[in-house]
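Please find below a note on the model under review. It is set out as numbered points.

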Amino acid sequence: MINFRGLMSIYKFEMSRTFRTITQSIASPVISTMLYFIVFGTAIGSRIEAIDGLDYGSFIVPGLIMLTILGQSVSNASFGIYFPKFTGTIYEVLSAPISPLEITCGYVAAAASKSIMVGTIILITSSFFIELKILHPFYMLLFLIIISVTFSLLGFIIGIWADGFEKLQLIPLLIITPLTFLGGSFYSIKMLPPFWQEISMFNPIVYLVSAFRWSFYENSDVSILSCVLAITSFLLVCVVVVILIFRYGYKIKN
Amino acid sequence: MSEAIEINNVNKVYSNGFVALKEINLKIHSGEIFALLGPNGAGKSTLINIICGLTKKNTGDVSIFDFDNEKSYKQARSLIGLVPQEIATDSFEKVINTIRFTRGLFNKPNSDKYIESILKKLSLWEKKDQQIRTLSGGMKRRLMIAKALSHEPKILFLDEPTAGVDVDLRKSMWEQIIKLKQLGVTIVLTTHYIEEAEKIADRIGIIDKGKIILVEDKRDILKKLGNRKIIFSLANEINELPKSLKHFDISVDKNKLIYFIDKANEEKELPKLIKDFAHNSIEVSNIEIKENTLEDIFIELVKK
């Protein structure tokens, strides 16, 4: 029998933590993204010519949302599971009649919800600066949800792997942030020299940003099919790793 | 009597090679207070963690009211409440919310009425809307018990529940534990305070170096192993024991005669001994009766 109450308890607990620290959880990412938008989109962007027929401000909106979504999903989920490990309260969850799948769903759903919330706020706020156009709202929402869930799963894995606050920040700072900046959030891959265009194709973030931008403007650096395949593969890899972690009790059970 | 917990051939070796448990076989009866005693590193917490699903065992089986704790872990765990050794709480959460959280984890619908009764019993009701960080150490310990009881478990594990707790609070916690027993909850506690086990436990298990070395009814242990001795302080020092006293289990220590009571012949021997004292003109100035406590027995067993 599914322990739905247990799953919801974790979800509510995590969400209440979000609202308890609303400045850090929501206001801070929204403000920093808006600053990006004002500086790159409005101030510098007004001097940059249109990319694929889009003014620079409009072009960077999907990338900026993606930048926030990826960072927030990873940090929310990694902190969500790491903190109980750090304080010792994880014993409660591990000794409760709740399956690994239910535990993961609780933490990941909460982290993804928060990211989606932040992403939506950024989307709404950006509409005050530019004229927003979403050609495929259904796919936009679908990508937003899937990418949030995938990166929340990645964050969950990092949170389990980490045995110190430094490790918790290691992957987001050294891998995810650089890849996101180099993943076409602020420019089109087509603007790069051919060699770097080829190299960029190995950056998974390129596919996420492209898919998300496509849902807005039908405009993407790579084919939408490749994007969907990349997103699905990444999601599956994260799911498999989480299953293995719980099966073998990696860094959870002695 | 039905078994609340049945442990068969459980072994545990940690990844660093440390052998924590060796062939543990143990049955804990429903409705009893079972005290697990042992020195530091004996394996008490490892055993509790294995039963509760926090640590993986290498071999063996554990069942909780006939539910295997791995194959039917949901049913098994739903019957257990755990108070770990360390106080681990989310400091910024409110008291009432943390109880609701634990209850929810155990798949129980919210019941403000039940939560109120638990908090009142543990004298925490007044603090229900306070953040946990504002509670005193003793209150936090009681909160840990409240959390463990929030889902109405049939078995309560208390891992060193009164460690670092003052005497008054310790006694009030003993009263709470006894009340829980009266409500039909099976209680398993580990403790360093042997007095605690002596006061409240029905049965006692002693674990040392990962092995259970004794499991017995508390009264039986005290009866079997709890020797008594009588110390006679003498008015005048004697150097040697008079011949007529030599068949008694008695030793001389300057101006003291220490008599180890032979329980089987206690009623016959004691009057005879007193008579022989008079016969040998041994003048007694004071008599002191000393009974072996559980602590003495524990130290003796662990030394072996």
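1. Basis of the note. This is a predicted model, in which local features need pLDDT of at least 70 and side-chain atom pairs count only at pLDDT 80 or more, while totals for chains, interfaces and linings use all residues. Residues are numbered from 1 along each chain as its sequence is written, chains are lettered from A and ligands numbered from 1 in the order in which they are written, and side-chain values use heavy atoms, with hydrogens and water left out.

2. Chain A as a whole. Chain A holds ten helices and zero strands (helices are DSSP runs of H or I with at least four residues, strands are runs of E with at least two, and both are numbered from the N terminus). Its C-alpha atoms fill a box of roughly 60 × 35 × 35 Å along the principal axes.

3. The α1(A)–α2(A) contact. The axes of α1(A) and α2(A), the latter spanning residues 22-44, come within 5 Å and cross at roughly 70° (axes are lines fitted to C-alpha atoms, for helices over the stretch in contact, with angles from 0 to 180 degrees between N-to-C directions). α1(A) is therefore roughly perpendicular to α2(A) (angles under 35 degrees count as roughly parallel, over 145 as roughly antiparallel, 65 to 115 as roughly perpendicular and the rest as oblique). A:Thr18, A:Phe19 and A:Arg20 of α1(A) meet A:Ile22, A:Ser25 and A:Ile26 of α2(A) (contact means heavy atoms within 4.5 Å). By class, the contact has three nonpolar, two polar and one charged residue (Ala, Val, Leu, Ile, Met, Phe, Trp, Tyr, Cys and Pro are nonpolar, Asp, Glu, Lys and Arg charged, and the others, Gly among them, polar).

4. The largest pocket. Which helix gives the most to the lining of the largest pocket? α3(A) does, with eleven residues. The pocket has a volume of about 920 Å³, and of its 37 lining residues A:Gln24, A:Gly71, A:Gln72, A:Ser75 and A:Asn76 are closest to its centre. On a 1 Å grid over the protein atoms alone, a pocket is an open set of points with protein on both sides within 12 Å along at least five of seven lines, a cavity is a set where a 1.4 Å probe fits but cannot get out, and lining residues have an atom within 4 Å of a point. Grid points are joined across faces, edges and corners, and a volume is the space filled by probe spheres set on the points. The lining comprises 16 nonpolar, 16 polar and five charged residues.

5. The largest cavity. Three cavities of 30 Å³ or more are found in the whole structure. The largest has a volume of about 170 Å³ and 18 lining residues, with A:Phe13, A:Pro84, A:Thr89, B:Asp90 and B:Phe101 nearest its centre. α3(A) supplies the largest share of this lining, five residues.

6. The second largest cavity. This cavity has a volume of about 70 Å³. Its lining includes A:Tyr91 and A:Glu92 as well as B:Ile80, B:Gly81 and B:Leu82. The largest share, three residues, comes from β6(B).
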